[in-house]
Amino acid sequence: MDEDPAFAGISVHLWHNAGEEIVESLSGLLNAGAMGSVLAVLTLFVFLRRIKPSLVIGLAIPFSVIAAVGFLYFTGGTLNMLSMMGLMLATGMLVDNAVVVLESIYQEARERQTAPRQPSTAQAR
């Protein structure tokens, strides 16, 4: 600012720099989200006892978050604390709904006494 004559005689005093706090807050939020994703996949594996469905749901978590952030970017939205909290809530709902649908698939397969990927004899005819 010393080089520009339009700013001659103006001095700037920095009262508080919130940039560092914001970066720390976002870093903590990112770490918490990553840890939550890992714990969600581990919990799914413990209860479902199947690695493939747990990994599919685990891969859906980052894919959906990246898609939502991309949507925000292309529509001109901002990634602030409120939108990030909404993303976390939506991620929890994604995992919850995925478990419900997966359990329904396995229950239907048990009732028909077939493996989930094998068609029943009634459908094959």
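**Close-up 1. Val-38 sits in helix α1, which covers residues 19-48.** This is a predicted model, and our tour starts on its surface. Val-38 is partly exposed, with a relative accessible area of 47%. Together with Met-35, Leu-39 and Leu-42, Val-38 forms a nonpolar patch on the surface.

**Close-up 2. Seven residues build the largest nonpolar core.** Here you can look for Leu-44, Leu-48, Ile-57, Ile-61, Val-95, Leu-102 and Tyr-106. Helices α1, α2 (51-74) and α3 (81-112) each contribute at least two residues to this core. Helix α3 gives the largest share, with three residues.

**Close-up 3. One aromatic pair is present in the structure.** Its members are Tyr-73 and Phe-74, whose ring centres lie 5.1 Å apart. Why is the pair edge-to-face? The planes of the two rings stand at 75 degrees, and an angle over 60 degrees counts as edge-to-face. Are these residues buried or exposed? Tyr-73 is exposed, with a relative accessible area of 65%, and Phe-74 is exposed as well, at 72%.

How values were computed. Residues numbered from 1 in each chain as written. Predicted model: local features only at pLDDT ≥ 70, side-chain atom pairs only at ≥ 80, totals over all residues. Heavy atoms only, no water. Patch = residues over 30% accessible without salt bridge, like charges linked within 9 Å, V, L, I, M, F, W, Y side chains within 5 Å. Areas by Shrake-Rupley, 256 points an atom, 1.4 Å probe, with all protein chains shown as cover. Salt bridge = Lys/Arg side-chain N within 4 Å of Asp/Glu carboxyl O. Helix = DSSP H or I, 4+ residues; strand = E, 2+ residues; numbered from the N terminus. Buried < 20%, exposed > 50% of the residue type's maximum accessible area, 1.4 Å probe, protein only. Core = buried A, V, L, I, M, F, W, Y, C linked by side-chain atoms within 4.5 Å. Phe/Tyr/Trp six-rings, centres within 6.5 Å; stacked < 30°, edge-to-face > 60°.
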